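Thanks for coming, everyone. Please look at the structure on the screen while I talk.

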Amino acid sequence: MKPMNEEHLAVLRRHMVEVVAIYADLASEELGKAALDERVMAAMLRVPRHLFVPAQAAPFAYQDMPLPIGFDKTVSQPFMVALMTDLLAPKPHEAVLEIGTGLGYQTAILAQLAGKIWSVEIIEEFASHAEALLHGLGMSNVGIRIGDGSRGWPEHAPFDKILVTAAAEEPPPALLEQLKPLGRLVLPVGSEEQVLTVIDKDSEGQFLARQLIPVRFSKLEAV
């Protein structure tokens, strides 16, 4: 069988986005709305997910499933990437901190929607691979460093938005501190039972958290 070309991949990507839209509609009661932001869906349509997974997983890149990327880690299923991005609601002028770069797929989605992305990855091989890949795709508004994500990136704080792609038993204090007033943090919270959680910081520095749906993520690693 001959390999898929860009036209085939574009069709599969459109199908992936249609499936994401169906799942969003099915979860409308929990989410409080029936559709995800059009900007998020357009970014999902643009970013070539097949480039952000190992070659052997590429044929499955546009199925709505997490895929292994090495070191016992996965890239999240497209619906979860779209949902977390929608909840974060990044704006073109905003600075976003991402914790857990992986191979850079979620980073690439954020880079389409926000002004600047600062991403922290604890696994050196992931960080260097993602940096080269994102740079090669012309995404110049991304900065990546290797380190303990639970400590954030103080040199570039405060951030308008923070997205964490690994589960923490409690929201890391450093991340809450590095969030701007009127900013938002989206992360999975819990150990065995995890819940996708949105935390808003008001103008006086107080926090309001709301829990949405049960999820399953790798645990946030700290050094």
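Predicted model: local features only at pLDDT ≥ 70, side-chain atom pairs only at ≥ 80, totals over all residues.

Residues are numbered from 1 along each chain as its sequence is written, and side-chain values use heavy atoms, with hydrogens and water left out.

Start with helix α1, residues 6-26, and α3. Their axes, lines fitted to C-alpha atoms over the stretch in contact, come within 8 Å and cross at roughly 150°. α1 and α3 are therefore roughly antiparallel, the word for angles over 145 degrees on a scale from 0 to 180 between N-to-C directions. In contact, meaning heavy atoms within 4.5 Å, are Arg 13, Arg 14, Met 16, Val 17, Val 20 and Ala 21 of α1 with Met 41, Met 44, Leu 45 and Arg 46 of α3.

Now α3, residues 38-46, against α5. The axes come within 9 Å and cross at roughly 125°. On the α3 side, the contact includes Arg 39 and Val 40; on the α5 side, Tyr 105 and Ile 109 are among the residues.

Last, the largest pocket. How many residues line the largest pocket? The count is 37, with Thr 74, Ser 76, Thr 165, Ala 166 and Phe 217 nearest its centre. A pocket is an open set of points on a 1 Å grid over the protein atoms alone, where a 1.4 Å probe fits, with protein on both sides within 12 Å along at least five of seven lines; lining residues have an atom within 4 Å of a point.

Definitions and conventions:
Helix = DSSP H or I, 4+ residues; strand = E, 2+ residues; numbered from the N terminus. Parallel < 35°, antiparallel > 145°, perpendicular 65-115°, else oblique.
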